[in-house]
Amino acid sequence: MSKQPVHTLESAPEPPKSRGDLRREAFLKAALEVFLEQGYDAASMAEIVNRAGGSLTTLYNQFGDKQGLFLAMIRERTQSLSDSMMVELSAHTPIESGLTRIAEQFVTKLLEPQSLELYRLLIGLGAKHGEVAVAFQKAGPDRVSSALAQYLADRAAAGEIKLEDPFEAAYLFISLARSGLVTRALLNPEFRPGPDEVKVSVRTAVNIFLYGLQPR
């Protein structure tokens with residue numbers, strides 16, 4: 001008797017990226033390098049094109065101006081964080097394990113050398129470029145908090161937690177999760193916590209957020 005072929009379910013391959021998508025990725029990668037090396041004011045659009053290839057016309061057509069490019073870079077770097085929260089939302093993950101995974105990815109991302117350098121750059125933008133700082137707030141922290149708020153609202157609807165304002169709760173949790181290790185790393189370039197330290201810090205943040213400091 002001949003054997004029947006075995007059919008397996010495989011995810012469809014991702015369609016190849018268009019030339020425009022590849023050019024956009026190259027622009028964003030080069031922009032991050034140039035902004036971190038030269039600062040916001042001194043960053044040269046011509047230098048970004050020099051590193052990424054393409055033309056100034058293409059760069060301006062895709063992003064509008066320096067501010068548009070800067071904010072697109074911020075959105076690109078926060079996309080994976082928002083996506084991770086949407087995964088937990090879609091799976092209706094129980095609150096403690098969901099927050100733990102979200103926070104571990106979030107803190108690990110913020111502790112990357114480029115993330116720390118970018119955050120230091122952003123801190124200095126407020127006084128001279130208030131409009132850029134406000135736009136960054138919307139493109140970065142507000143976007144991530146909105147994604148987390150949706151997950152928290154889902155867990156509140158499931159009866160796991162009680163919330164008055166999911167967005168404010170999301171902002172509080174993000175601040176709590178990053179405050180320890182990330183703040184120390186920002187102030188001390190020699191401080192480089194590893195995965196075990198991230199896990200301990202995140203566990204503390206999750207426990208305080210969910211249960212406070214009262215004995216259980």
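Guide: Helices here are DSSP runs (H or I, at least four residues), and strands are runs of E with at least two, all numbered from the N terminus. The model is predicted, so local features need pLDDT of at least 70 and side-chain atom pairs count only at pLDDT 80 or more, while totals for chains, interfaces and linings use all residues. Residues are numbered from 1 along each chain as its sequence is written, and side-chain values use heavy atoms, with hydrogens and water left out.

Visitor: Which residues of helix α6 are buried, and what covers them?

Guide: Buried means under 20% relative accessible area, exposed over 50%, and partly exposed in between (1.4 Å probe, protein chains only). In α6, which spans residues 113-123, the buried residues are Ser115, Leu116, Leu118, Leu121 and Leu122. Their cover, judged by contact (heavy atoms within 4.5 Å), includes α1 (19-42), α4 (66-91), α5 (95-110), α7 (125-128), α8 (130-139) and α10 (166-187).

Visitor: Which residues touch the most other members of the largest nonpolar core?

Guide: In soluble globular proteins, nonpolar side chains tend to be buried together. A nonpolar core is a set of buried Ala, Val, Leu, Ile, Met, Phe, Trp, Tyr and Cys residues joined through side-chain atoms within 4.5 Å. The largest has 34 residues, of which Leu99, Val107, Leu148, Tyr151 and Leu152 touch the most other members. Two or more residues each come from α4, α5, α9 (141-157), α10 and α11 (195-211), with α10 giving the largest share, nine residues. If we set aside neighbours within four places in sequence, Leu148 is in contact with Met85, Leu99, Ile102, Ala170, Phe173 and Ile174.

Visitor: How do the axes of α5 and α9 cross?

Guide: Two packed helices are described by the angle between their axes and the distance between the axes. The axes of α5 and α9 come within 11 Å and cross at roughly 170°, and the two helices are therefore roughly antiparallel. On the α5 side the contact is made by Ile95, Gly98, Leu99, Ile102 and Phe106, and on the α9 side by Val144, Leu148, Tyr151, Leu152 and Arg155. Axes are lines fitted to C-alpha atoms, for helices over the stretch in contact, with angles from 0 to 180 degrees between N-to-C directions; under 35 degrees is roughly parallel, over 145 roughly antiparallel, 65 to 115 roughly perpendicular, and the rest oblique.

Visitor: With which residue does arginine 51 form a salt bridge?

Guide: A salt bridge is a side-chain nitrogen of Lys or Arg within 4 Å of a carboxyl oxygen of Asp or Glu. Arginine 51 pairs with glutamate 37, their closest N and O atoms being 2.6 Å apart. This pair links helix α2 (residues 45-52), which holds arginine 51, to α1, which holds glutamate 37, 14 residues away.
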